[in-house]
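Please take a look at the model below with me.

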Amino acid sequence: MSDTELDVVFRDYETLTARTDELFERVRAQFPAEVACTAGCSDCCHAMFDLSLVEAMALNRAFNARFGFGAARSAVLEAAGDADRAATRLKRHYFQRAKQGATDEEILHEAARDRLRCPLLGPDDRCVLYEQRPVTCRLYGVPTAIHGKAHVCGKCGFARGGAYPTVALDRIQDKLAEL
């Protein structure tokens with residue numbers, strides 16, 4: 001794939017993230033008391049989730065543009081190595097739990113409780129690549145649905161069972177996969 005073709009992919013990705021931000025802001029405008037996101041809150045920065053290929057590529061591109069060689073770059077890369085090793089241990093644990101008979105739902109609930117610090121979370125608890133953060137990070141504070149199941153941030157004020165606008169994360173993930 002040439003740089004020009006990649007530029008088109010990244011432009012489409014930026015359009016998708018802008019729409020995602022609009023969805024978040026629309027929900028926040030309707031339910032300001034329920035959306036608990038504030039500067040310095042990093043609850044979503046300790047959740048485990050997957051990245052699509054285009055998100056990983058966009059983060060890599062932004063990381064390389066932001067961090068030249070030096071101590072800051074090395075610190076993030078060291079944190080990434082630590083997070084990768086911790087994630088590998090957790091995945092091994094989940095695999096063992098599955099072999100012991102735990103259901104997918106039980107394992108997913110356990111994974112949702114496990115905390116793993118994002119390597120892009122700076123010492124001040126702010127994202128060092130905030131403007132380029134993945135879609136999951138962009139939507140974390142509002143109700144989402146994954147495979148028909150509702151999910152919300154543990155710090156939000158959305159009441160269980162209430163009727164709220166819910167972002168269908170599966171559809172967005174499908175668009176990410178298409179890119």
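Thr144 lies in strand S1, residues 144-146; strands here are DSSP runs of E with at least two residues, helices are runs of H or I with at least four, and both are numbered from the N terminus. This is a predicted model, in which local features need pLDDT of at least 70 and side-chain atom pairs count only at pLDDT 80 or more, while totals for chains, interfaces and linings use all residues. Residues are numbered from 1 along each chain as its sequence is written, and side-chain values use heavy atoms, with hydrogens and water left out.

Is Thr144 buried or exposed? Thr144 counts as buried, because its relative accessibility is 8%; buried means under 20% relative accessible area, exposed means over 50%, and partly exposed is in between, with a 1.4 Å probe and protein chains only. Leaving out residues up to four places away in sequence, Thr144 touches Leu139, Lys149, Ala150, His151, Thr166, Val167 and Leu169, where a contact means heavy atoms within 4.5 Å. As for Ser52, it is 92 residues from Thr144 along the chain, and the two C-alpha atoms are separated by 17 Å.

Now let's move to Val135, which lies in helix H5. Val135 is buried, with a relative accessible area of 0%. Setting aside neighbours within four places in sequence, Val135 is in contact with Thr17, Thr20, Glu55, Leu169, Ile172 and Leu176. With residues up to four places away not counted, Thr17 touches Val135 and Arg138.

In soluble globular proteins, nonpolar side chains tend to be buried together. A nonpolar core here is a set of buried Ala, Val, Leu, Ile, Met, Phe, Trp, Tyr and Cys residues joined through side-chain atoms within 4.5 Å. The largest one has 20 residues, of which Leu139, Val142, Ile172 and Leu176 touch the most other members. Helices H1 (3-30), H2 (53-66), H5 (135-139) and H6 (169-178) each supply at least two of its residues, and H1 gives the most, with six. Apart from this core lies another, of seven residues, including Leu59, Phe63, Leu120 and Leu129. Going back to Ile172, its contacts beyond four places in sequence are Leu16, Thr20, Leu23, Val135, Leu139 and Val167.

The 14 residues of H2 should span 20 Å at 1.5 Å a residue, and the end C-alpha atoms are 20 Å apart, which agrees; the expected span is 1.5 Å times one less than the number of residues. In H2, the buried residues are Val54, Glu55, Ala58, Leu59, Ala62 and Phe63. Helix H3 (residues 71-99) has 29 residues and reaches 42 Å from first C-alpha to last, close to the 42 Å expected. Its buried residues are Arg73, Val76, Gly81, Ala83, Ala86, Ala87, Leu90 and Tyr94, and they pack against H2 and helix H4 (104-113). Just after H3, Gly101 takes a positive phi of about 105°.

What about the cysteines? The structure holds zero disulfides, a disulfide being a pair of cysteine sulfur atoms within 2.5 Å. The sulfur of Cys44 has its closest cysteine sulfur in Cys45, at 4.1 Å, which is too far for a bond. Cys44 is buried, with a relative accessible area of 19%. Cys118 is in no disulfide either, as the nearest cysteine sulfur, that of Cys127, is 6.2 Å away; Cys118 is partly exposed, at 29% relative accessible area.

Finally, step back to the whole chain. There are six helices and three strands, in the pattern α-α-α-α-α-β-β-β-α along the sequence. Of the 179 residues, 34% count as buried. Among contacts between residues at least 6 apart in sequence, 69% join residues at least 24 apart. The C-alpha atoms fill a box of roughly 45 × 40 × 35 Å, taken along the principal axes.
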